[in-house]
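Hi everyone, thanks for making time for this. Please have a look at the structure on the screen, and I'll walk you through a few parts of it.

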Amino acid sequence: MGYPAWLYINCYTFIIGVLLLFFNRKWRTHNDRRDKVFMWMLLVALFLVVSDSFGRAYQISNSEINLLLTKIGNYLVFAFDPVFYVFTMYYVESWTTENVNPGVYKLKNAIVWISVINLVLVTLSELFGLRLFYYYDAAGSYYRGQFFMIRAAVLLFCLAGGVYYCAKMGKAITHRYRKTVIMFPLICAIGSVIQSFTTELPIEYVSSIIASLILFVYLQSRDSTDDFLTGSMNRRSLDATLEAKIAGATSKETTFSAIMIDVDYFKEINDTYGHAVGDIALQDVIKILHSCLRSEDQIARYGGDEFFVISPINEREYLEKAVRRIRNRVDDFNNDGEREFKLSLSLGYDIYDYETGLTAEKFIKHLDDMMYAEKEEHHRAFEARAKKKGEKR
């Protein structure tokens, strides 16, 4: 006798979920909160897949052990089903770059409390045989309890409320990620609605894992990559971070600053000492930046021998102090003489003017122009020193 279709579906769904957990841990993003919520959301989904499988065990055979598994599985599904909605809301919230109407958060809190109350009532009903939502007769047959439909209506409210909450949160998500993030609760909701019309297949949990897979492919893994050489953020992560910072810069308190950095004479280092030493030079630049910047400052490799720093500093005085620390640390590095090459950096830096509403592209261009102006000064000074030495000879 063959096994029922739901068993195969749940097995494949479970395997996909476990793989997602593994790869999400391997390719972590720069947002620890988002990673943690995504991980817990997957764990809850996998927990419900296993619980659903237990709850259907009696369909395979009517043995006493399978009846026990069925009772355990149904209890877990009834008790923890709304929890996934809660983590869905928290995940979408983790993508926001600005605050939304405080009243919307009350809806999330209401759904959280409903999930807690549901857990308590289902547990009390099971412990004391109250038969509130479901029960089994002596022959092991399943029946709906007197409050089954009321609970179903409440869960439908949670589902609709969760989708509405996520849609409202979407307004505060960077436009590049908005559609994909909002698609996630929508797919889960569609799966839940379809599930209400059929009990033969576990559509609800399959849809949640498929939605999580879409998130991972299009967002989690894409937003998680680092520059392989320096360990800093790569250009893709930088673009997302800068857009989020600009979206959140609505006042002096919430604005930020940035520094564009170019390694002077990097081609000469590569040509003189080889590309392996050139790679070491880039790694040394990252070490210098980490040594004189704060932990909340975000460093990215913009491309080639250019780096980019995003800092929460919002006052010119402190930004110039940070720049001086970088210059002094470069001087210390050169004076140490541990490397056969010397480092020279050109910097363009400024505080983002939130009143102008510059796009990320235009702000980068502004910093780039400042950086190249300094680079030209360095080249003129270098040529003047070289000419002076030649005259002395």
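A quick word on the model before we start. It is a predicted model, where local features need pLDDT of at least 70 and side-chain atom pairs count only at pLDDT 80 or more, while totals for chains, interfaces and linings use all residues. Residues are numbered from 1 along each chain as its sequence is written, and side-chain values use heavy atoms, with hydrogens and water left out.

Let's begin with the sheet. Helices (H or I, at least four residues) and strands (E, at least two) are DSSP runs, numbered from the N terminus. Two strands pair if DSSP finds at least two bridges between them. Here, four strands make an open sheet in the order 4-5-3-6, with antiparallel pairing. Which strands are at the edges? They are strand 4 (298-303) and strand 6, and each of them pairs on one side only. On average, neighbouring strands of this sheet are turned by 20° against each other, direction ignored. Strand 4 pairs with strand 5 (residues 306-311) in the antiparallel sense over five bridges, and I299 stands opposite V309 in strand 5.

Now find helix 12, which lies across strand 3 (257-263) and strand 6 and runs at about 170° to strand 6. For that angle, axes are lines fitted to C-alpha atoms, for helices over the stretch in contact, and angles run from 0 to 180 degrees between N-to-C directions. Contact means heavy atoms within 4.5 Å.

On to the charges. Side chains of opposite charge can pair when their charged atoms come close. A salt bridge is a side-chain nitrogen of Lys or Arg within 4 Å of a carboxyl oxygen of Asp or Glu, and the structure holds 14 salt bridges. One of them joins D350 and R316, at 2.9 Å from N to O. D350 lies in strand 6 (residues 345-351) and R316 in helix 12 (residues 316-336), so this pair ties together parts that are 34 residues apart in sequence. Is D350 buried or exposed? Buried means under 20% relative accessible area, exposed over 50%, and partly exposed in between (1.4 Å probe, protein chains only). At 18% relative accessibility, D350 counts as buried, while R316, at 35%, is partly exposed.

Another salt bridge is formed by E93 and K108, with the closest N and O atoms 3.0 Å apart. E93 is in helix 4 (residues 83-93) and K108 in helix 5 (residues 102-128), and both residues are buried. There is also a network of salt bridges linking D262, D264 and K375.

Next, the rings. Rings of Phe, Tyr and Trp (its six-membered ring) pair if their centres lie within 6.5 Å; planes under 30 degrees apart are stacked, over 60 edge-to-face, and the rest tilted. The structure holds 17 aromatic pairs. Among them is the edge-to-face pair of Y136 and Y142, 5.8 Å centre to centre with 65° between the planes. Y136 is buried at 14% relative accessible area, and Y142 is partly exposed at 36%. F78, Y134, Y136, Y142 and F148 form one aromatic cluster.

Last stop: I203, found in helix 8 (residues 203-220). Leaving out residues up to four places away in sequence, I203 touches G191, I194, Q195 and T198.
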